[in-house]
Amino acid sequence: ETLDKGLEKSKESFFGKLGKAVAGKSKVDDDVLDNLEEVLVTSDVGVNTTLKIIERIEERVARDKYMGTDELNGILREEIAGLLSETHVGEEQEFSIPTDKKPYVIMVVGVNGVGKTTTIGKLAHQFKNQGLKVVLGAGDTFRAAAIDQLQVWAERVDVPIIKQKMGSDPASVAFDTLNSAVADNADIVLIDTAGRLHNKINLMNELSKVKRVMQKVVPDAPHEVLLVLDGSTGQNAFEQAKQFTKATEVTSLAVTKLDGTAKGGVVIGISDQFQIPVKYIGVGEGIEDLQVFNKFEFVDSFFK
Ligand code: GDP
């Protein structure tokens, strides 16, 4: 399974640590719960979500009077799947593209370096393979490299890209992109945006302006705001989620670089704390290395 392979590091680490947490113990007691808390926190599940999980297990221990450590895996798995179910209805979380919304506009946000451009490229590839007509908009006009990289992906995937020169107004690029998509009868638009977090007011104003201007062309755009987070950055990813959800209405998440981390728990913590579903996970640099998030597979990959 590619998912298992991609998430090997998360799995090894979580599963291994869990084994150590209960070593030599047959009964789930306060010590085991303390160890478990540490395992969850060090796997980047986040403090709030960790406490929520520990509380739920404590309640079960109190109710049933006894819990064997041999049951802990199964119970944890249930609780984590339960948490993910609050934000993830059904199994597969890919975008469902309604035929009455054409073009379907996906605005992609996130700080530089998290894998935003790569994720846009991989998504464009998937949509194109589904027979959908895709247009890219190079809305990160603050870095020449961002425009160039998106151009490289557009060529690789063979989809049109709308761009302007560096320093131009991102809203103007978005406007052009949507107009072009409408004219070409495109199904999907993926708009890149600049990911500067150092000035929150700017970020908020800029994203609202991009939205406002897009709505002149497609009144209910954007249909999705996809926040890309680097899954290997732990607390930074939480902080970015916090800032971006304040700046704009984020509807879905893509968590990248889960192949390179021992800390896939960030997926659990972030979707729980922000109540936003993870739709995609990045498990490598290649064009095929973007998977539709499946909460059951994900949870299983931790416990197998
Ligand atoms: P951006 O600045 O957010 O647009 O980031 P890029 O898309 O340019 O990606 C930054 C780096 O991360 C590049 O070297 C990508 O190849 C790499 N990258 C992106 N997604 C993944 C992933 O899921 N796994 C791994 N290992 N690398 C990734």
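## Ligand shell

The ligand is surrounded by 18 residues, the closest being Gly113, Thr117, Thr118, Asp259 and Glu285; a residue counts as near a molecule if one of its heavy atoms lies within 4 Å of it. The model is predicted: local features need pLDDT of at least 70, side-chain atom pairs count only at pLDDT 80 or more, and totals for chains, interfaces and linings use all residues. Residues are numbered from 1 along each chain as its sequence is written, and side-chain values use heavy atoms, with hydrogens and water left out.

Helix 6 (residues 116-129) contributes the largest share of the shell around the ligand, 4 residues; helices (H or I, at least four residues) and strands (E, at least two) are DSSP runs, numbered from the N terminus. By class, the shell comprises 3 nonpolar, 9 polar and 6 charged residues. In this scheme Ala, Val, Leu, Ile, Met, Phe, Trp, Tyr, Cys and Pro are nonpolar, Asp, Glu, Lys and Arg are charged, and the others, Gly among them, are polar.

## Polar contacts and cover

Polar contacts are pairs of N or O atoms within 3.5 Å. A polar backbone atom of Gly115 lies 2.9 Å from an oxygen atom of the ligand, and an N or O atom in the side chain of Gln149 is 3.1 Å from a ligand oxygen atom. A nitrogen atom of the ligand is 2.7 Å from a polar side-chain atom of Asp259. Of the 580 Å² of accessible area that the ligand has on its own, the protein covers 80% (Shrake-Rupley method, 1.4 Å probe).

## The largest pocket

The ligand takes up the space of the largest pocket, in that more than half of its atoms lie within 2 Å of the pocket's grid points. A pocket is an open set of points on a 1 Å grid over the protein atoms alone, where a 1.4 Å probe fits, with protein on both sides within 12 Å along at least five of seven lines; lining residues have an atom within 4 Å of a point.

The largest pocket has a volume of about 310 Å³, taken as the space filled by probe spheres set on the points, which are joined across faces, edges and corners. Its lining has 19 residues, of which Gly113, Val114, Gly115, Thr118 and Lys257 are the closest to its centre. Helix 6 supplies the largest share of this lining, 5 residues.

## Backbone features

The peptide bond from Lys102 to Pro103 is cis, with omega near 0°; Pro103 is in the loop between helix 5 (69-87) and strand 1 (104-109).

Key
Polar contact = N/O pair within 3.5 Å; in protein donor to acceptor, adjacent residues only side chain to side chain.
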